[in-house]
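Here's a quick tour of a few spots worth a look. Have the sequence and the model open side by side.

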Amino acid sequence: MTASILLPGAPSQPLTAVVAENNKVVESTGAISYTEPSLISQPEPSASLGPPHPYFFKDGLRRVAPYFYTYNTWCKERWRGRKIIEVFESEFRERPVEYYRAAMESGQVAVNGKIVSPDYVMVNGDLVSHTTHRHEPPVTQDPVQVIHEDDDMIVINKPSGVPVHPAGRYHYNSVVEIMKAERGPTFAPRPCNRLDRLTSGIMFIAKTAKAAESLSAQIFRRSVRKEYLARVVGRFPDGEVVCDQPILQISPKLGLNRVRANGKSAKTVFKRLAYYPSPIIKPSSSNSPSPDEAETGGPGDQFTRETEGYSIVRCLPVTGRTHQIRVHLQFLGHPVQNDPIYANQKVWGFDLGRNDAEATLNTDEDVLSRLARMGKEQVADAVAYYDEMVEVYHKKKAERMSGQLCDVCETPLYTDPGSQELSLWLHSLRYEDADGSWSYVSPLPAWAMPPEGASGPTQVGGMDDLVEAAGEDMKIEVS
């Protein structure tokens, strides 16, 4: 599927840079410090009929004014010979069928640039266009920090909650588009590694195709080591902990994984950096889930065990399976504390899949059926699934709706996302070449710093202990 901005004859408004030009990096004694970029405030704009006005900032969030956007997609094989209204009703279910029928009659949905009736029968080669008034969810106003920059590459510290590429509901509120806005429309960022929307940390943005190919070749040769940091439930064990449990994808549609004896080989080395106990919190009725939360598995249902406190854990993935760190931490009984999927007891049961490599406590079918009751299954991956789950949750919870409608398209407007929709306590901390020729380390995220009134580490040391614990596998499996 491709997408383009609808230009209804009005001149486009240029995107103004939102980060000051004097953003600098200072390196000394191996440490990296920052001159924080200053955010340039913009007045809150009205709905846009073309490319959006510059980003504006309010209540700690980066926002984009609503704008018209046209999605284009070619007729898929399974659509051929079917009425277009039937295709939209079965495959694009975020809006009621009445909306799509009216959109076809008005030309908002068109085929090959022409208005067609809802009963139009689709054929091979048809280009379907759908123009919508787009409301992008706001994201954190935290800047895309530059850790290092040279003629070929930019090393950034990606903020949590911001997708790398335009996808789904996000376009301008993505790392790629934010960097284009800061550096001008001719800048062509080429991300070289992938981070999920909720994950923060080190990313490589190549300036040229050649630089992107060079780093990709290093990763392919398995000569790049990477370290993550996670905030997990409870007191993580002392010393280096090696988890080499195989991982199986139990739902390709959702990208959902779990430890299973018949899965693909996987290995992660963990080491606790700090442990912070929590005071005992007496349960109260206000902490009990509402009937709506119980039905939808809302964002407040994560497994926390507040009385156990939490640990900050260093993570060295030796292999590179999808959600490997999150799945291995779950299996060890210490899931990422605010993980919307792998720390959700309504999906995995009280023990959250701990030591259940044979799926005897919770079968794959049990897990998937619980997920199905929480939201739509027709999504691409678990993070996208969480987005869908939050949407369903918000629709069930009337107080999360603003009670207002868009003046242009009459879309119901939601309140701003909370921290649960903007952050996962998993951070890409370090990337380094195995031969020591380069290494980049980000500052610790705020959630990994000692809480108020407690003492603890504010930086990490080298990776030697983790690499040694990985053993010979590190030489052939680093990814």
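Strands β4 and β5 (residues 61–63) pair in the antiparallel sense over three bridges; strands here are DSSP E runs of at least two residues, helices are H or I runs of at least four, and both are numbered from the N terminus. Pairing takes at least two DSSP bridges between two strands. F57 stands opposite R62 in β5. The pair belongs to an open, antiparallel sheet of three strands, ordered β4-β5-β9. β4 (56–58) and β9 (139–140) are the edge strands, each pairing on one side only.

This is a predicted model: local features need pLDDT of at least 70 and side-chain atom pairs count only at pLDDT 80 or more, while totals for chains, interfaces and linings use all residues. Residues are numbered from 1 along each chain as its sequence is written, and side-chain values use heavy atoms, leaving out hydrogens and water.

On to helix α1 (residues 84–91), where I84, I85, V87 and F88 are buried (under 20% relative accessible area with a 1.4 Å probe, protein chains only). Seen down the axis of α1, these buried residues fall within an arc of 160°, so they line one face of the helix; the arc is taken from the directions from the helix axis to the C-beta atoms. They pack against α2 (97–106), β7 (109–111) and β8 (127–134), contact being heavy atoms within 4.5 Å.

Now E227, in strand β14 (residues 224–233). E227 counts as buried because its relative accessibility is 0%. Its side chain makes these polar contacts (N or O pairs within 3.5 Å, one able to donate a hydrogen and the other to accept it):

| Side-chain pair | Distance |
|---|---|
| E227 and R314 | 2.5 Å |
| E227 and R430 | 2.9 Å |

Not counting residues up to four places away in sequence, E227 touches several others, among them C315, H427 and M463.

Technical notes:
Buried means under 20% relative accessible area, exposed over 50%, partly exposed in between (1.4 Å probe, protein chains only).
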